[in-house]
Amino acid sequence: MNRKRKNTSICFVTLPMASLTSLTSLLNGGELSASAQLKSMSMGTLYLSSYIKKEFGSSLNQYMCDMLLEVDKLYEYNSIDDFIIETIKKSVPKPPDIIAISLMFMFNYKFFKKIVKIYKLLWPSTTIVVGGIHASNTCKLILQSTDTDYVFRGEGEIALAKFIKNHMNGENQNVSGVYGKKDLSSDFKSVCETPNDLDKLPYPNWDLIDLSAYINQSTEFFRGSGPKAIPLVGSRGCPYVCSFCSIRTVFPRNNIRYRSMDNIRGEINELYKRVGATNFVFNDDLINVKESRFIELCDVFKNNKPEYEYPSNLTFNTQGLHCNLINKKTIDAYATISGHVCLPIEHGSQYAQNHIVN
């Protein structure tokens with residue numbers, strides 16, 4: 001007999017930008033690398049949080065175990081295990097029903113494996129789920145070699161809402177793109193249902209994190225952005241199939257989606273009212289894939305509209321402008337709102353570019 005659960009809770013976990021080896025070294029008196037010191041808020045997690053907040057409201061309690069920020073206090077702990085246990089314990093008032101971990105990068109895998117083991121020992125009845133780029137591409141390995149209960153492949157907003165609803169109602173999980181131990185014989189090809197209209201997604205749930213801790217850091221070594229740079233996501237997907245890039249396994253190649261300029265303006269305005277943000281970093285996979293759209297985006301930052309409060313002449317940087325898509329129009333437009341250009345030159349050899357990384 002199915003039993004409905006009341007007062008369901010979920011705790012999101014973001015991992016440090018460092019491997020288990022690096023964290024162990026830090027605990028023994030070493031120093032974090034520049035990339036490990038970076039505090040770049042997990043936009044995927046914040047979108048998941050805002051979506052399920054819209055769907056469930058007060059019937060779902062949300063918490064955040066933000067190891068990206070907590071890693072700076074690692075020296076206060078006696079061991080990595082103590083760090084893992086105490087950070088999750090102080091993040092939630094009682095054992096959560098669901099722990100959702102973001103596993104983006106391969107170097108995090110050993111640390112991820114360790115925390116899953118500890119969480120299961122700590123709270124055996126808690127359901128542990130994982131998503132993210134690396135998780136999407138290693139479903140079978142994760143289910144076989146860790147205590148993870150479910151792996152989400154692809155974009156998780158819609159799937160996570162369905163998963164939580166099933167959990168609340170005591171029903172079996174049968175959500176497309178979500179795999180459990182019973183699916184080990186699967187081909188793992190399905191991905192979660194894709195949100196096609198990005199304008200219908202609520203803005204990221206900044207209340208879930210310590211926003212001030214993120215914006216008051218200098219990130220000049222990272223894509224040239226200065227203090228108080230806040231990430232934005234204006235589109236999802238990429239039309240190319242570069243062999244070195246795994247994003248095509250998460251976002252369908254034939255389904256690139258874009259937010260409207262007014263929707264982006266609205267988010268900028270909200271962040272300006274909250275924290276006075278005027279400097280942004282776009283996390284799009286290929287921001288200049290459309291020339292006309294990129295030029296229009298630059299104008300959003302250069303010229304305000306009367307209905308918005310943020311000032312004109314804001315700045316933004318990107319993960320990189322695709323070299324083959326740059327021309328005088330895009331450079332002239334970009335020069336009005338940024339003092340430099342990042343170019344993702346993936347390899348110095350033309351042969352490698354043409355025949356290896358494609």
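Modeller: Angles under 35 degrees count as roughly parallel, over 145 as roughly antiparallel, 65 to 115 as roughly perpendicular and the rest as oblique. This is a predicted model: local features need pLDDT of at least 70, side-chain atom pairs count only at pLDDT 80 or more, and totals for chains, interfaces and linings use all residues. Residues are numbered from 1 along each chain as its sequence is written, and side-chain values use heavy atoms, with hydrogens and water left out.

Now the pair. Helix α12 covers residues 291–302, and helix α13 covers residues 328–335. Helices here are DSSP runs of H or I, at least four residues, numbered from the N terminus. Two packed helices are described by the angle and the distance between their axes. The axes of α12 and α13 come within 9 Å and cross at roughly 15°. Axes are lines fitted to C-alpha atoms, for helices over the stretch in contact; angles run from 0 to 180 degrees between N-to-C directions. α12 and α13 are therefore roughly parallel to each other.

The crossing of α12 past α13 is left-handed (the near helix is turned anticlockwise from the far one by less than a right angle).

Next, the residues in contact (heavy atoms within 4.5 Å). α12 brings E291, F294, I295 and C298. They meet K329, T330, A333 and Y334 of α13. Of the residues in this contact, five are nonpolar, one is polar and two are charged. Ala, Val, Leu, Ile, Met, Phe, Trp, Tyr, Cys and Pro count as nonpolar; Asp, Glu, Lys and Arg as charged; the others, Gly among them, as polar.

Technical notes
Helix = DSSP H or I, 4+ residues; strand = E, 2+ residues; numbered from the N terminus.
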